Amino acid sequence: MATEQSTRTPATGSGDTRIHNIGYRSYDGPRLGRSYARLSLYSQSLRGAYGLGRSAKSKVLPMLLFVVMCVPAAIMVAVAVATKAKDLPVDYTRYAIIMQAVISLYVASQAPQSVSRDLRFKTVPLYFSRPIETGDYVRAKFAALTSALFILTAAPLLVLYVGALLAKLDFTDQSKGFAQGLVSVALLSLLFAGIGLVIAAVTPRRGFGIAAVIAVLTISYGAVSTLQAIAETQSDGDGIALIGLFSPITLIDGVQSAFLGATSAFPGGVGPSNAEGVVYVLFTLGLIAASYGLLMRRYKKVGL
C-alpha cells in the first residue's frame with residue numbers, strides 16, 4: 001500500500017517545489033516458490049491456447065478448430081448408430097492422420113501466440129529474474145501446448161468411443177482401439193508442440209511464426225508423400241519407409257502402423273516393419289528431445 005508525503009520548500013519564483021516521498025510496505029505473505037510459478041505459467045499458457053482469459057476475438061479460431069475436429073467424429077457416430085453398423089467408419093488411430101491439416105493449423109496459430117509476444121515485448125528476462133529459471137519456462141510452455149494439442153486430438157476420439165458404446169459395438173475391441181488412439185495422439189502432441197515452439201521462438205513476429213509453422217508441417221508432408229508415391233511406382237519399399245522419416249505426420253503414421261495395429265497411409269497401405277518402426281520411434285523421440293534442447297538454448301540467450 002502506497003503512502004504519499006509531500007514536503008513544501010520555500011517558493012522560488014512564481015511556483016512551489018514539492019518533493020514526494022512514496023513508500024511501499026514490504027510483502028510479508030507466503031512465498032509459494034518455483035513450483036507454484038511454474039504451474040501458474042503452465043495454466044495461463046494452456047488457457048491462452050484456447051483463448052480463455054483473452055478477448056473474444058482470440059477465442060474464435062481455437063474454438064472453431066476444436067469444433068471442426070469433433071464434428072466429423074459426431075457425424076460418424078450418428079451414421080454408425082442409425083445404420084446399426086458393426087464397426088466405426090474410421091479407426092481411432094487414423095482419425096488424427098485424416099485431420100492433420102486442422103491440427104497443423106492449430107499449431108501454427110497457437111505456438112506463436114504462446115511465445116512470440118514474450119519475445120516481442122522483451123518480457124522473458126522478467127520471468128527469469130525470479131523465482132523461475134529457463135528450464136521452468138520452457139517446460140511450462142512445452143507442457144501447455146502439448147496438453148492443448150492432446151485435448152484437441154483426444155476429444156474426437158472420445159466422441160467416437162462413446163458413440164461406439166452407444167451403438168453397442170464390441171466393448172473390448174473399442175476400448176483397445178481407443179487406448180491405441182490415445183497413445184498415438186499423445187506422441188503426436190509432443191512432436192508437433194516441440195516443432196511448433198522451436199519455429200515460433202525464432203522470431204518475435206507472430207505472423208512470420210504462423211507462416212513458418214504452416215510451411216514446415218504442410219510442405220514437408222506434401223514433399224514426402226510425393227516422393228513416397230514415386231518410390232512406390234518403382235517398387236522401392238525400403239525407400240518409402242526411409243522417406244517417411246522426414247515429415248512429422250508420416251513419422252507418427254509409421255510408429256502407429258508398426259506398433260499400434262494401425263492401417264498405414266503410406267502408398268500401397270504398407271507401413272514400416274517392426275525393425276523399421278524402432279527407427280521411427282527413435283527418430284520421433286530424438287526430434288522431441290532436440291526440440292526441447294533448442295528451446296533451452298534459445299531462451300538461455302534471450303534471458304541474458
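Two packed helices are described by the angle between their axes and the distance between the axes. In the predicted model, helix H10 spans residues 248–259 and helix H11 spans residues 274–302. The axes of these two helices come within 9 Å, and they cross at roughly 140°. An angle over 145 degrees would count as roughly antiparallel, and one of 65 to 115 degrees as roughly perpendicular; H10 and H11 are therefore oblique to each other. The crossing of the two helices is left-handed.

The contact between H10 and H11 involves residues from both helices. On the H10 side, the residues are Thr250, Leu251, Ile252, Gly254, Val255, Ala258 and Phe259. On the H11 side, they are Asn274, Gly277, Val278, Tyr280, Val281, Phe283, Thr284 and Leu287. Sorted by class, this contact has 10 nonpolar residues and five polar residues, with no charged residues.

Attention now turns to the charged side chains. The structure holds five salt bridges. In one of them, the side chains of Arg34 and Glu133 meet at 3.9 Å, taken from N to O. Arg34 lies in helix H1 (residues 33–48), whereas Glu133 lies in the loop between helix H5 (124–129) and helix H6 (134–166), so the pair ties together parts that are 99 residues apart in sequence. Both residues fall between the limits for buried and exposed, which are under 20% and over 50%: Arg34, at 34% relative accessibility, counts as partly exposed, and Glu133, at 45%, likewise counts as partly exposed.

A further salt bridge is formed by Arg38 and Asp136, whose closest N and O atoms are 2.6 Å apart. This pair also links distant parts of the chain, with Arg38 in helix H1 and Asp136 in helix H6, 98 residues apart. Arg38 counts as partly exposed, with a relative accessibility of 27%, whereas Asp136 counts as buried, with a relative accessibility of 0%.

The residues of these two pairs, Arg34, Glu133, Arg38 and Asp136, are linked with Arg139 in a network of salt bridges. Arg139 is placed in helix H6 and is partly exposed, with a relative accessible area of 39%. With neighbours within four places in sequence left aside, the contacts of Arg139 are Arg34 and Tyr292. The C-alpha atoms of Arg139 and Tyr280 are 24 Å apart in space, and the two residues are 141 residues apart in sequence.

Another salt bridge is found between the side chains of Asp118 and Lys141, at 3.8 Å from N to O. Here, too, distant parts of the chain are linked: Asp118 is in helix H4 (residues 100–120) and Lys141 is in helix H6, 23 residues apart. Asp118 and Lys141 are both buried.

Terms used
Residues are numbered from 1 along each chain as its sequence is written. This is a predicted model: local features need pLDDT of at least 70, side-chain atom pairs count only at pLDDT 80 or more; totals for chains, interfaces and linings use all residues. Side-chain values use heavy atoms; hydrogens and water are left out. Axes are lines fitted to C-alpha atoms, for helices over the stretch in contact, and angles run from 0 to 180 degrees between N-to-C directions. Helices (H or I, at least four residues) and strands (E, at least two) are DSSP runs, numbered from the N terminus. Angles under 35 degrees count as roughly parallel, over 145 as roughly antiparallel, 65 to 115 as roughly perpendicular and the rest as oblique. A crossing is left-handed if the near helix is turned anticlockwise from the far one by less than a right angle, and right-handed if clockwise. Contact means heavy atoms within 4.5 Å. Ala, Val, Leu, Ile, Met, Phe, Trp, Tyr, Cys and Pro count as nonpolar, Asp, Glu, Lys and Arg as charged, and the others, Gly among them, as polar. A salt bridge is a side-chain nitrogen of Lys or Arg within 4 Å of a carboxyl oxygen of Asp or Glu. Buried means under 20% relative accessible area, exposed over 50%, partly exposed in between (1.4 Å probe, protein chains only).
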